[in-house]
Amino acid sequence: MSIQKIARLAGVSVATVSRVINHSGSVKPHNRERVLAAIEESNYQPNLLARQLRTARSYMILVLVSNIANPFCAEVVKGIEEEAEKNGYRILLCNTGSDMARSRSALTLLSGKIVDGIITMDAFSKLPELTTMIGQAPWVQCAEYADEGSVSCVGINDIDASQYVIQHLINRGRQRIALINHDLSYKYARLRERGYNSVLEQNGHGWRAVEYASELSFDAGRTAMETLLRADERPDAVFAVSDTLAAGALLAIAQAGLTMPDDIAVVGFDGTPLAEMVSPQLSTVAQPSLQIGRKAVSLLLNKIDNPDTPAERVMMDWRFIERASA
């Protein structure tokens with residue numbers, strides 16, 4: 001609906017409608033209410049505009065995701081969107097590719113009051129720079145857990161989950177357990193590797209091999225597994241820090257003429273639907289991805305409503321799903 005139609009519906013001048021919308025000039029209270037009522041009587045977008053005018057909020061949340069192609073990220077975003085919509089909010093999604101220039105560009109929406117708060121899924125190492133850019137705006141860090149600081153966050157205990165996997169493989173008689181990891185600028189990658197190393201040390205396992213995938217993708221997982229298979233002594237088990245990497249490893253093992261789990265057991269991480277699509281189906285650590293997204297929104301809305309509330313750190317439960325690959 002045009003501003004002219006809103007003016008006719010409200011029985012006021014176009015200039016009066018413009019002043020109400022732009023918060024400029026003086027408008028008699030009864031005329032302001034007539035304009036807002038006319039906006040509400042029209043379609044959805046004017047309804048949203050009227051609410052924004054009354055509350056000085058945009059009812060929009062900016063979500064910065066490092067890689068939306070990652071199935072885990074996609075599931076978290078789904079949870080974010082569901083919870084946001086349930087509370088009358090919409091999301092603006094920016095796939096940053098871990099590029100701080102893209103993050104900086106997206107964060108200009110803050111200064112324009114286009115969004116009320118931010119949820120990020122960037123690498124933990126990016127937090128200091130993000131803190132400088134975001135300032136005091138409501139912000140929640142999702143899936144990368146911070147032990148301290150002023151930013152609320154939600155995630156799982158990556159060390160405990162990783163330790164459980166390695167101990168599980170040792171209990172199954174595996175002697176040469178390899179790790180396929182990713183970018184160590186992510187805290188989860190460092191923590192899962194720490195868990196891997198600690199259990200091997202506790203059990204007196206001197207054999208270890210860590211291969212770093214070039215990216216979090218199926219092809220990178222396959223390439224990393226091919227490198228492990230070319231070693232003088234190949235692993236009899238592999239733990240990958242994501243289901244996507246693990247799926248690539250499964251293909252490399254099959255193409256080498258080996259079987260799973262007889263020759264090599266494989267365990268992934270995240271509990272994405274991909275784990276059930278591959279053959280053999282993938283054992284994995286399932287994160288509560290939808291719940292992580294929903295909790296991030298809950299934390300953010302609390303911060304929007306109560307700016308002085310202290311940062312909250314929420315650890316959510318994970319579970320190990322045993323399937324045919326291990």
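Q: How does helix 5 pass helix 14, in a left-handed or right-handed crossing?
A: Helix 5 passes helix 14 in a right-handed crossing; a crossing is right-handed if the near helix is turned clockwise from the far one by less than a right angle, and left-handed if anticlockwise. This is a predicted model, in which local features need pLDDT of at least 70, side-chain atom pairs count only at pLDDT 80 or more, and totals for chains, interfaces and linings use all residues. Residues are numbered from 1 along each chain as its sequence is written, and side-chain values use heavy atoms, with hydrogens and water left out.

Q: Which residues of helix 5 and helix 14 make the contact?
A: From helix 5, Phe72, Glu75, Val76, Lys78, Gly79, Ile80, Glu82, Glu83 and Ala84. From helix 14, Ser289, Leu290, Ile292, Gly293, Arg294 and Val297. Contact means heavy atoms within 4.5 Å.

Q: And at what angle do the axes cross?
A: Roughly 45°, with the axes of helix 5 (residues 71–86) and helix 14 coming within 7 Å. Helices here are DSSP runs of H or I with at least four residues, strands are E runs of at least two, and both are numbered from the N terminus. The axes are lines fitted to C-alpha atoms over the stretch in contact, and angles run from 0 to 180 degrees between N-to-C directions.

Q: Where is isoleucine 304, and is it buried or exposed?
A: Isoleucine 304 is in helix 14 (residues 289–305). Isoleucine 304 is buried, at a relative accessible area of 11%; buried means under 20%, exposed over 50%, and partly exposed in between, with a 1.4 Å probe and protein chains only.

Q: Now strand 5: how many of its residues are buried?
A: Five of the five residues in strand 5 (residues 152–156) are buried. Ser152, Val154 and Ile156 lie on one side, and Cys153 and Gly155 on the other.

Q: Which strand does strand 5 join over three bridges?
A: Strand 4 (residues 139–142), running parallel. Two strands pair if DSSP finds at least two bridges between them. Cysteine 153 is the bridge partner of glutamine 141.

Q: What about strand 11?
A: Strand 11 (residues 313–316) pairs with strand 5 in the parallel sense over four bridges, and valine 314 in strand 11 stands opposite valine 154.
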